[in-house]
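Here is a short briefing to read alongside the model. Have the viewer open, and let's walk through the strands, charged pairs, rings and surface together.

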Amino acid sequence: MAAPPNDVFKLGFVGAGNLAESITRGVIKSAVLPATSIRTTHRRAERRSLFASFGCRILETNAQVVEDSDVVIISVKPQIVKQVLTELKPFFTKDKLIVSIAAGIKMKDIKECAGKSRIIRVMPNTPSAVGQAASVFCMGETATKKDEERVAKLFGAVGKVWTAEEKYFDAITGLSGSGPAYIYLAIEALADGGVAAGLTRDLALGLASQTVLGAAAMVNQTGKHPGQLKDAVTSPAGTTIAGIRELEKGAFRASLINAVVAATDRCRELSQS
């Protein structure tokens with residue numbers, strides 16, 4: 001049985017969507033916090049029931065969630081973050097830490113809407129649902145070392161965590177925030193290629209997804225540059241170089257680069273609106 005966590009605090013979610021669910025599952029599974037330390041609310045009964053099934057405390061309003069929490073994760077849609085923060089401003093006392101996971105919402109806007117609360121901004125991504133998130137966070141001016149440790153533990157429960165300055169967050173959103181969708185397209189395309197070459201759909205999809213998983217693990221675990229790993233698979237006049245030649249004809253790498261830049265530009269537009 002896991003030892004009880006040393007730092008038990010009350011964690012509240014304003015917004016009980018998929019990311020909140022993934023973080024909650026990871027936090028409980030990793031014993032970062034007991035389920036009884038987590039609280040939220042939602043207008044839909046099925047979402048309230050889901051979080052209740054984890055053992056979380058279900059409250060009636062977002063204001064109650066904020067009042068009864070030490071750390072408040074803002075996980076509503078970016079379009080309504082400012083409205084929600086403004087409505088909850090009276091409840092964000094100086095002892096509350098606000099953690100925003102809303103794409104494109106800058107800390108200065110959060111501070112303006114919420115008042116003087118301590119703030120940390122985090123950009124996670126959807127693989128948090130399977131404990132493989134890539135999360136990046138940056139600290140607000142008044143956030144403390146203890147705040148940093150708590151956020152690192154919370155998001156470390158659902159994947160890997162990095163820190164970066166806020167000026168990089170649009171690019172982070174364009175890469176790791178939107179990036180899973182690019183990889184899903186690649187997996188689908190690889191599987192389609194397998195089907196075109198004569199494989200059954202199930203086998204092709206299984207091979208494609210496991211190949212991407214294995215290749216990513218090779219990069220993460222060996223520490224070798226992707227180009228070096230690519231060269232190790234590429235024999236002279238072999239099958240792999242023939243495939244790579246076709247990818248280069250189709251500007252595969254340039255298309256991925258352009259996708260990240262386009263998503264970054266769009267995030268900048270949204271953050272200025």
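Which residue in β5 is the bridge partner of V71? It is L97. Before going further, please note that this is a predicted model, in which local features need pLDDT of at least 70, side-chain atom pairs count only at pLDDT 80 or more, and totals for chains, interfaces and linings use all residues. Residues are numbered from 1 along each chain as its sequence is written, and side-chain values use heavy atoms, with hydrogens and water left out.

**Recorded domain**
- UniProt lists residues 10-104 in an unreviewed entry as "domain: Pyrroline-5-carboxylate reductase catalytic N-terminal"; positions follow the numbering used here, feature names are shortened, and such annotations may be inferred rather than shown by experiment.
- Over residues 10-104, the chain is 38% helix and 18% strand, and the end C-alpha atoms lie 26 Å apart.
- Helices (H or I, at least four residues) and strands (E, at least two) are DSSP runs, numbered from the N terminus.

**Strands around β4**
- Strand β1 (residues 11-14) runs parallel to β4, and four bridges join them; two strands pair if DSSP finds at least two bridges between them.
- V14 stands opposite I74 in β4.
- Strand β5 (residues 97-100) also pairs with β4 in the parallel sense, over four bridges.
- Both faces of β4 are covered, with V71 and I73 buried on one side and V72 and I74 buried on the other.
- Here buried means under 20% relative accessible area, exposed means over 50%, and partly exposed is in between (1.4 Å probe, protein chains only).

**Salt bridges**
- The count comes to 19 salt bridges, each being a side-chain nitrogen of Lys or Arg within 4 Å of a carboxyl oxygen of Asp or Glu.
- One of them joins R39 and D68, with the closest N and O atoms 2.9 Å apart.
- R39 lies in strand β2 (residues 38-40) and D68 in the loop between α3 (62-67) and β4 (71-74), so this pair ties together parts that are 29 residues apart in sequence.
- Both R39 and D68 are buried.
- R57 also meets D68 in a salt bridge (2.7 Å, N to O).
- That pair links distant parts of the chain, with R57 in strand β3 (residues 57-58) and D68 in the loop between α3 and β4, 11 residues apart.
- R57 is partly exposed at 42% relative accessible area, whereas D68 counts as buried at 16%.
- Salt bridges with shared partners join K10, R39, R57 and D68 into one network.
- The side chains of E46 and R44 form another salt bridge (2.9 Å, N to O); E46 is partly exposed at 47%, and R44 is partly exposed at 40%.

**Aromatic pair**
- The count comes to one aromatic pair, where rings of Phe, Tyr and Trp (its six-membered ring) pair if their centres lie within 6.5 Å, and planes under 30 degrees apart count as stacked, over 60 as edge-to-face and the rest as tilted.
- F51 and F54 make this edge-to-face pair, 5.8 Å centre to centre with 65° between the planes.
- Both lie in helix α2 (residues 45-54), three residues apart, about one turn of the helix, and both F51 and F54 are buried.

**Nonpolar surface**
- L199, L203 and L207 make a nonpolar surface patch of about 250 Å².
- Patches are made of residues with over 30% relative accessible area and no salt bridge, with like charges joined within 9 Å and nonpolar side chains (Val, Leu, Ile, Met, Phe, Trp, Tyr) within 5 Å.
- Accessible areas come from the Shrake-Rupley method with a 1.4 Å probe; for residues, only the protein chains shown count as cover.
- L203 is found in helix α9 (residues 201-222) and is partly exposed, with a relative accessible area of 44%.
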